[in-house]
Each structure stands twice: as C-alpha cells, then as structure tokens.
Amino acid sequence: MPKIVDPTERRKAVADAVFRVVAREGVEKASLRRVAEEAGLVVGSVRHYFGSHAELLSFTLAELNRRVTDRVLGHLAELLPESMVVPEVPGSYAERILVELLPLDEARFEESAVWLAFTTAARSRPELAELAAQPVAGARSLVHRVLSAMAEAGVLRGVDLELESDRLAALLDGLALAAVVDPARRDPNAMRAVLRLHLASLVGLRPKAGACGPVR
C-alpha cells in the first residue's frame, strides 16, 4: 500500500527545510530545487504542496511566526502575575517569558537568523512585508504585556509603559541581531545578564554580579 502522507505535516517539514537553507545561506538561495534537496524530496513533491515559490516563502514565514507565538503563549498560560518575583532572581516571570525572544539555543538562533533574513528580503519582496513585520509587532506587544503584568503585581511603578515597552523591545531586537551577525557575541549567559540588568533597573534593583542563572 502507498504511504499516506499528512499534507499539513509535509508542508511543515518543507518549511523546516526552508528554515535550514535560509539560516545558512539566505532567502535568495531558498529555491524550490534547493529546498527539495534539503527536505530529501523531488521538486515535483514540493510543487504539489506549494503553488509557487512566493507561497512557499510566505508559508515558511507564517510558520515561524506561529511557532514563536505558540511557545510564548505556552509560557503565559503557565505563569500568572501572582507568581511574579523580583527580576534578579533566576526564573522570574518577566525573564522566563522574554528570553523566548533571544537566541539562547540552536532552535531560537535559527529562528532569529531566519527572521533577520526574511526581514531583509522583504525590502525587495512586497509579498513578504506584512508577514516579516509581524514578529516585530508581536515582540513589542509581548513586552508591553509583561511590563503591564509587572505593574499590576506592584513591582513596577512610575514608568511610562509605552516608552519602556519600546525601549525593552529594542534591547531584545539588538541582542538577537548582534548574536546573529557576530558569532563572538553569541553568549547566552551574557544576553540573559543584559536582560536581567535592564529589568532590575526598571524596579530600582541592582542584581548581583554574574547572577545570570541557567540558560533556558
């Protein structure tokens, strides 16, 4: 009997192949033929699931957005504002949520590299522009939600939430960008320490030197 292929799972598997190609070589190298080779398929199989190259790239970017969103929402479901602890303590609410936006491991590094590649490509590919902008808006929305929870928990007072959301989102973007473009700066503990220092500064705390906690 012929093997039954789940179309949804096959499309996700092809998207995984696009992630790997884009992370290593850039969007311009993610041709249908190159992606098919990476996925261990023939070009015709890829064309069966994606009507065009543009559709393939758009699906991949949407899949990236979905994966990051699902992972973050999983943390938000587990953690409530009532569990908020001061930011210098490893495992705090704010830190545990926001580190999901940093390339602390191979999976998140690949996501950051792919996001950067697609963001750059979107400047000349209008069909990708809206999808490429979603991670930026989503990250800023998440930051605002976390800071609002801190304020509701009483550990953040007297700050402009809109301005601080912009500032923290820019910090996270900068850390991720630096890690992708300069391997020497891809230090998970250092990235976590910078985030913790910033969160501590918002509530007037001074974290202990080197207290960066475990990488997650």
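Colleague: How do the axes of α1 and α6 cross?

Modeller: Axes are lines fitted to C-alpha atoms, for helices over the stretch in contact, and angles run from 0 to 180 degrees between N-to-C directions. In this predicted model, the axes of α1 and α6 come within 8 Å and cross at roughly 75°. The helix α1 is therefore roughly perpendicular to α6 (under 35 degrees counts as roughly parallel, over 145 as roughly antiparallel, 65 to 115 as roughly perpendicular, the rest as oblique). Helices here are DSSP runs of H or I with at least four residues, numbered from the N terminus.

Colleague: Which residues of α1 and α6 meet?

Modeller: Contact means heavy atoms within 4.5 Å. From α1 come F19, R20, V22 and A23, which meet E110, A113, V114, A117 and F118 of α6. By class, seven are nonpolar, none is polar and two are charged (Ala, Val, Leu, Ile, Met, Phe, Trp, Tyr, Cys and Pro count as nonpolar, Asp, Glu, Lys and Arg as charged, and the others, Gly among them, as polar).

Colleague: Which residues touch the most other members of the largest nonpolar core?

Modeller: In soluble globular proteins, nonpolar side chains tend to be buried together. A nonpolar core is a set of buried Ala, Val, Leu, Ile, Met, Phe, Trp, Tyr and Cys residues joined through side-chain atoms within 4.5 Å; buried means under 20% relative accessible area, exposed over 50%, partly exposed in between, with a 1.4 Å probe and protein chains only. Here the largest core has 30 residues, and V22 and F118 touch the most other members. The helix α1 gives the most to this core, seven residues. Apart from this core lies another, of 27 residues, including I97 and A179.

Colleague: How do α8 and α9 pack?

Modeller: Their axes lie 11 Å apart at an angle of about 170°, so α8 and α9 are roughly antiparallel. Their contact has ten nonpolar, one polar and two charged residues. One of the α9 residues in it is L195.

Colleague: Is L195 buried or exposed?

Modeller: L195 counts as buried because its relative accessibility is 0%. Beyond its neighbours within four places in sequence, L195 is in contact with E95, L98, V99, L102, L168 and L172.

Colleague: What conventions apply?

Modeller: Residues are numbered from 1 along each chain as its sequence is written. Local features need pLDDT of at least 70 and side-chain atom pairs count only at pLDDT 80 or more, while totals for chains, interfaces and linings use all residues, and side-chain values use heavy atoms, with hydrogens and water left out.

Conventions: Helices (H or I, at least four residues) and strands (E, at least two) are DSSP runs, numbered from the N terminus.
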